[in-house]
Amino acid sequence: MIRLLSFGALGLLSACTLMPGSDPVRLYDLPTQPLESAHQAQAPAADATLRLATPSAGGLLDGSRIVVVPTPNQPQVYQGARWANATPVLIRNRLLDAFHEDGRITRLIHADTPLSADLELTSDLRTFQSEYRDGRPEGVIRLDARLIDSRSRQLQSSRRFTQRQAAESEDIAAVVDALGLAADRLAQELVDWTVEQIAERQARQQQSQ
């Protein structure tokens with residue numbers, strides 16, 4: 001049986017679970033299996049400094065609880081399990097790793113670095129949870145990304161990224177693995193999109209000269 005905490009119960013146990021309040025909390029990091037990119041090991045393609053902001057998030061997504069939605073519109077959290085860091089930080093670190101492994105943007109900084117940048121990649125984390133489909137959980141991630149000119153503050157482009165990955169079982173470890181795979185694919189998709197947008201921006205600048 002799934003061990004859940006009700007989203008609105010403020011720490012009370014869900015009706016289906018009666019577990020001791022002193023149960024230890026198990027921490028999970030976001031697992032990774034880097035995907036092969038056709039662009040890796042190629043020459044850098046983006047001549048711009050990119051600042052990667054930590055995604056914004058609200059509600060439970062701004063903390064470290066692992067969210068599950070067994071019934072539509074009724075979010076809950078897994079009992080006795082948390083992410084090893086706040087969810088937005090987990091996603092930011094995964095995106096940073098994806099950009100570094102891809103290698104096409106060599107001038108990359110994150111929001112805490114006191115350096116100037118040509119462009120800023122901001123985002124809103126809309127969904128990072130397991131959802132039940134046909135009685136089985138699947139990891140679901142939705143991220144709304146925006147590429148902004150740091151000097152003019154004009155929006156260059158925006159896009160919603162969504163990834164789903166079925167879990168092998170209802171076990172929390174399997175759910176974590178599913179979210180890790182979904183995060184890997186989303187990160188690579190966002191990297192490809194960002195590089196494409198920067199290349200188009202550079203082409204427009206060259207044409208205007």
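The model is predicted, so local features need pLDDT of at least 70 and side-chain atom pairs count only at pLDDT 80 or more, while totals for chains, interfaces and linings use all residues. Residues are numbered from 1 along each chain as its sequence is written, and side-chain values use heavy atoms, with hydrogens and water left out.

Begin with the hairpin of E8 and E9, where five residues lie between the strands and Arg153 takes a positive phi near 65°. Strand E8 (residues 136-149) pairs with E9 in the antiparallel sense over 11 bridges, and if you select Gly139, you will find its bridge partner in E9 to be Gln165.

Next, look for the aromatic pairs, of which a search of the whole structure finds two. Rings of Phe, Tyr and Trp (its six-membered ring) pair if their centres lie within 6.5 Å, and planes under 30 degrees apart count as stacked, over 60 as edge-to-face and the rest as tilted. Select Trp83 and Phe128, which form a tilted pair, 5.5 Å centre to centre with 50° between the planes. This pair links distant parts of the chain, since Trp83 is in strand E5 (residues 74-83) and Phe128 is in strand E7 (residues 119-133), 45 residues apart. Trp83 counts as buried at 2% relative accessibility, where buried means under 20% relative accessible area, exposed over 50% and partly exposed in between (1.4 Å probe, protein chains only); Phe128 is also buried, at 2%.

Now select Phe161 and Trp193, an edge-to-face pair at 5.6 Å centre to centre and 75° between the planes. Phe161 in strand E9 (residues 155-166) and Trp193 in helix H2 (residues 172-208) are 32 residues apart, so this pair too links distant parts of the chain, and both residues are buried.

Move to Thr49, in strand E3 (residues 49-52), which is buried with a relative accessible area of 14%.

Finish at helix H1 (residues 87-102), whose 16 residues should span 22 Å at 1.5 Å a residue, in agreement with end C-alpha atoms 23 Å apart. Of those 16 residues, 12 are buried, including Leu90, Ile91 and Phe99.

How values were computed:
Helix = DSSP H or I, 4+ residues; strand = E, 2+ residues; numbered from the N terminus. Pairing = 2+ DSSP bridges. Expected span 1.5 Å × (residues − 1).
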